[in-house]
Amino acid sequence: MELTKRKQNILASIVNGYIRTGGPVGSKSIAEAAGASPATVRNEMAELTEMGLLEQPHTSAGRIPSEKGLREYVDNLMPEEPLSDEERITLDAMLAKSAFDPERLPGGAARTLASATRYMAVATAPSGASAQIKAVQFVQTSRRTAMLILISSAGTMKTKVFHCDFDLSSEIMRIFFRVLNERVVGRNVSEINRAFIQSLAVSFNDLAILMSPALLALLETAQETVKTEVHVSGQMNLLFYPELGPGGARRVMDFIERQDAVTGLLAGRPGRVQIHIGQENGHNALAAVSVVSTRYSINGTDAGAVAVIGPTRMRYAHTAAQTAYIAERVGEMLTRVQREE
């Protein structure tokens, strides 16, 4: 059965009505927009149902789009909805609060997207798994404590406060800085494991005891750098969509707490918005939601992702535009911060 132009118009009208109301759409409500009589629209709706593009929740009810129908709409019928200048200014203002702090920016991106879309939003921080160490810095915080700061080429900056059993001095702080920067700058962060730290300590000979607290702090910051941090915001927004129900929203929230599952869900190529609908997400917990995601780059290198999770009656075009814009701005901001270091 052919998907004629009229069928496409009717399908698009039903999808738009379903997105707007969350309920079935009847023939009378779309007849005028479709340029046909209600009887003709009903016949077309019946054929669209046979094609698997529409579903009829109740015998006397109208139709709602199936996942297949939503996919057809997203792939072939959905108009672009570019952001207005006013929307861009608003999003930039929301992001500006964390624009110059690479540690806070992914969380700020998630909060901005959740607020703008009224869905749940997720952002991953740049992973340091393949990054190199750019610098190791030290700040003395008290007589016997100091903070180690590990800066990576992925734009991450991890800190660890450590305690010494001896009084620190400016000379000792200079030794920490000089020795560690000589030995680890330029190495992949993933190389800084327990075995490497132990071999480094042995090579220090008489300095080993002095360097021990700083070495342990280096190990812990390297381990934190390699991890992919997931920032989530807007979980409560899902409770406002009755089709999900408390149980459906809870399953989504529980899924998002699994870091490995989230990072797999957000795989893809930078600059390309991906839309997965219901069962396409590949997880039962996400069967009632859609995920709009894209990845961002730092200095042209894939670094992390931002995503929106909401009901399948999502405003796909607008949400995709918002997600793409936030990802682009996060990448630009992190690139600028990295170049200024």
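Visitor: What makes R144 and D167 a salt bridge?

Guide: This is a predicted model, and in it the closest N and O atoms of R144 and D167 are 2.9 Å apart. The cut-off is within 4 Å, from a side-chain nitrogen of Lys or Arg to a carboxyl oxygen of Asp or Glu. So at 2.9 Å the pair counts as a salt bridge. The two partners sit in distant parts of the chain, 23 residues apart: R144 in the loop between β4 and β5, D167 in the loop between β6 and α7.

Visitor: Why is R144 called partly exposed?

Guide: Its relative accessibility is 29%.

Visitor: How many salt bridges does the structure hold?

Guide: There are 20 of them. Among them is the one between R250 and D254, with N and O 3.0 Å apart. Both residues lie in helix α10, four residues apart, which is about one turn of the helix. R250 has a relative accessible area of 39% and D254 comes in at 37%, so each of them is partly exposed.

Visitor: What label does R295 get, buried or exposed?

Guide: Buried: R295 has 16% relative accessibility, and the cut-off for that word is under 20%. Its salt-bridge partner is D302, with the closest N and O atoms 2.8 Å apart. D302 has a relative accessible area of 38%, so it is called partly exposed.

Visitor: Which residues are linked in a network of salt bridges?

Guide: That would be R6, K7, E44 and E47.

Visitor: How do you know that α6 is largely enclosed by the rest of the structure?

Guide: Count its buried residues: ten of the 13 in α6 are buried, so the helix is largely enclosed. Those residues are L105, P106, G107, G108, A109, A110, T112, L113, A114 and T117.

Visitor: And how do you know that the span of α6 agrees with what a helix should give?

Guide: The expected span is 1.5 Å times one less than the number of residues. For the 13 residues of α6, that comes to 18 Å, and the end C-alpha atoms are 18 Å apart, so the two agree. After α6 comes R118, whose phi is positive, near 65°.

Visitor: Which residues touch the most other members of the largest nonpolar core?

Guide: I10, V41, V252, I256, I309, Y316 and I326, out of 70 residues in that core. Helix α12 gives the most to it, with eight residues. There is also a second, separate core of 32 residues, including I133, F176, F204 and L218.

Visitor: What is I256 in contact with, leaving aside its neighbours within four places in sequence?

Guide: I256 is in contact with M120, V122, V232, V262 and I309.

Visitor: Which residues make the nonpolar surface patch of about 360 Å²?

Guide: M236, L239 and F240 make that patch. M236 lies in the loop between β7 and α10.

Methods. Residues are numbered from 1 along each chain as its sequence is written. This is a predicted model: local features need pLDDT of at least 70, side-chain atom pairs count only at pLDDT 80 or more; totals for chains, interfaces and linings use all residues. Side-chain values use heavy atoms; hydrogens and water are left out. Patches are made of residues with over 30% relative accessible area and no salt bridge: like charges are joined within 9 Å, nonpolar side chains (Val, Leu, Ile, Met, Phe, Trp, Tyr) within 5 Å. Accessible areas come from the Shrake-Rupley method with a 1.4 Å probe; for residues, only the protein chains shown count as cover. Helices (H or I, at least four residues) and strands (E, at least two) are DSSP runs, numbered from the N terminus. Buried means under 20% relative accessible area, exposed over 50%, partly exposed in between (1.4 Å probe, protein chains only). A nonpolar core is a set of buried Ala, Val, Leu, Ile, Met, Phe, Trp, Tyr and Cys residues joined through side-chain atoms within 4.5 Å. Contact means heavy atoms within 4.5 Å.
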